[in-house]
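Please look through the sequence and the model below before reading on.

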Amino acid sequence: MPILKAYMGTITDSTNQAKGMSVLALSWGLGSCVGPLLGGFLASPAKLYPTHFDPDGLFGRLPFLLPCLTITGMCVVALVAVRD
């Protein structure tokens, strides 16, 4: 977090520095709340949602594969969105 704050201070000037720091704090707080919530909803999908996921299938054998795939997809989207 200190590196992010230092970088945010470098790329902003005095006119938009407060907004940049508040967006950084908001995104950190939002990620700290939404991340575990999303992981909890998606963990063990074969047990929680047997109508959608086969208990003897891939998600039955690997109960944490769905949250891992979801976060990987979100990271790929973020990578593509911020790429120069």
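A residue is called buried when its relative accessible area is under 20%, exposed when that area is over 50%, and partly exposed in between, judged with a 1.4 Å probe and with protein chains only. What is shown here is a predicted model, in which local features need pLDDT of at least 70 and side-chain atom pairs count only at pLDDT 80 or more, while totals for chains, interfaces and linings use all residues. Residues are numbered from 1 along each chain as its sequence is written, and side-chain values use heavy atoms, with hydrogens and water left out.

The secondary structure of the protein chain consists of 5 helices and 0 strands, where helices (H or I, at least four residues) and strands (E, at least two) are DSSP runs numbered from the N terminus. Its radius of gyration, taken over C-alpha atoms and compared with a globule rule of 2.2 Å times the number of residues to the power 0.38, is 18 Å, well over the 12 Å that the rule gives for 84 residues, so the chain is more spread out than a compact globule. Along its principal axes, the C-alpha trace spans about 55 × 25 × 20 Å, and buried residues make up 15% of the 84 residues in the protein chain.

Among the helices, α2 has 26 residues and reaches 37 Å from its first C-alpha to its last, which is close to the 38 Å expected at 1.5 Å a residue, the expected span being 1.5 Å times one less than the number of residues. Which residues of α2 are buried? They are G20, L24 and L42, and what covers them includes α1 (2-11), α3 (45-48) and α5. Just after α2, S44 takes a positive phi of about 55°.

M74, which is found in helix α5, is partly exposed, with a relative accessible area of 45%.

Conventions. Contact = heavy atoms within 4.5 Å.
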